[in-house]
Amino acid sequence: GVVTPDMAILDPDSCSVNSEWGFGAVEGSVCNSDTSLIRISWNEPALTYLLAKFVNISNSHGLVQSQFVFKRITHKKGWMATIPTGSTYKMQWDTEFEFTNSSYKMSAYYPKEGDYVILEQTLKDKPDYITVGGSSNKKETAIVSTDEAGTFRFDEETKKLTHLITGKGITNSQELPMDLKVYKCYYENCTDPHPTPLPSNPTILERPETPKYWSVSSDWAGTEEGLGGFNGFLPKAGEDVIIPASWWMVYDVEVMGLNKIYVYGVLEFSNEQDTLLGANTILVVGGKIIIGWKDDPLKVKATIKLTGQRSDDEYTLNDGTQVGSKALAIVGFAEIHSEYPSVTWTTITEAAPVGATTLTVKDNVQDIWKVGDEIVIATTSFLGTEAENRTITAVEGRTITLDRALENKHDLQSRRDNGLIYDR
């Protein structure tokens, strides 16, 4: 027979629990000699928010969960499952979000002639690109055990993607690479409608004496129909915006709700007034974004707010690089310089109990830290959640007044080591 840890996915007609083969809290099962098992391991999902999530694997008999683990036999920082062959398994990440870009590295270990499993997962939308094991062996009808390894099928009605792992043609025990690459292109038919090749840098390299200003209607002359700024109307919520390679545009307004912004030229944030730019996705493609200069750092507040939702279309470069549906992507250049205080951190000299609204600190921050500045009071326990953000309402010498009372105590502790005193 075949001995294996007891699992809900085992066929009860072929396997039964046998306590003699258990270990600790894990029960053992003995299966008929015709039962065959393979190990599948996978890691490096393209969607990094899937890291540390459980993966549910189920068949007609039951469900098991594969846990993300940093150290594995293979595929470190990934998942692993040992599963009986001859079944179809539904494989789904344990997350409430649906997605289409389901790419990861996977291998099946030691399948032999006659072994097969069919893996199935449900996607959000129809993908534009699918390969399994490095090949695009697509099938329009249901997958069967005699198909070639890596054969896949996508059902447009149910949005289910199935692919085959098989030992067909394998004569020696070996690893079978089954990397899955699945993504939906951002542009229709995976064709980028923007300049090809993309400019390596803006055609305008120095700030002109009379740059364009976002707030000036006439400075949008030449904008194509269908884009924000066309016909002298300033870009508004829901519109796409393009900054051409020949433009130097100074952003000097507050606008929320834009869709996508493509920066092929230069987009400079004003250093004269506070600004707010809200968009689903901002792509600096060969262009440049400037927020303050090295010799003239930002003196005002510049805010970029990304408003994309998980349900929005995901942006994928044609080489498969995934930007997602909510991103500031710099595929070009960025220059960011801001004023910063000469004292960026200090320590408290008196313990701050729960309810405290003032802090006494080691350094004199008068005229350095200002009313309205935000500070973080670090935790002095082992709980990172006890760090607190506060806004300064007054500064007098080494005493700082906070906008609201502390919710956690922050102790004063010192440690002497080799003649040095360490505060925390």
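Is Lys112 buried, partly exposed or exposed? Lys112 has a relative accessible area of 46%, so it counts as partly exposed. Keep in mind as we go that this is a predicted model.

Lys112 has a partner in Asp115: the two form a salt bridge in which the closest N and O atoms are 3.4 Å apart. Asp115 has a relative accessibility of 5% and is therefore buried, the cut-off for that class being under 20%. Side chains of opposite charge can pair when their charged atoms come close.

Have a look next at Glu148 and Lys168, whose closest N and O atoms are 2.9 Å apart in another salt bridge. Glu148 sits in the loop between strands S11 (129-132) and S12 (152-155), and Lys168 in the loop between strands S13 (160-166) and S14 (175-177), so this contact ties together parts that are 20 residues apart in sequence. Glu148 is partly exposed at 45% relative accessibility, and Lys168 is partly exposed with a relative accessible area of 36%.

Now turn to the strands. Strand S7 (residues 78-84) is largely enclosed by the rest of the structure, because 5 of its 7 residues are buried. Strand S4 (residues 37-43) pairs with S7 in the antiparallel sense over 7 bridges, and within this pairing Arg39 stands opposite Thr82 of S7.

Notes. Residues are numbered from 1 along each chain as its sequence is written. This is a predicted model: local features need pLDDT of at least 70, side-chain atom pairs count only at pLDDT 80 or more; totals for chains, interfaces and linings use all residues. Side-chain values use heavy atoms; hydrogens and water are left out. Buried means under 20% relative accessible area, exposed over 50%, partly exposed in between (1.4 Å probe, protein chains only). Helices (H or I, at least four residues) and strands (E, at least two) are DSSP runs, numbered from the N terminus. Two strands pair if DSSP finds at least two bridges between them. A salt bridge is a side-chain nitrogen of Lys or Arg within 4 Å of a carboxyl oxygen of Asp or Glu.
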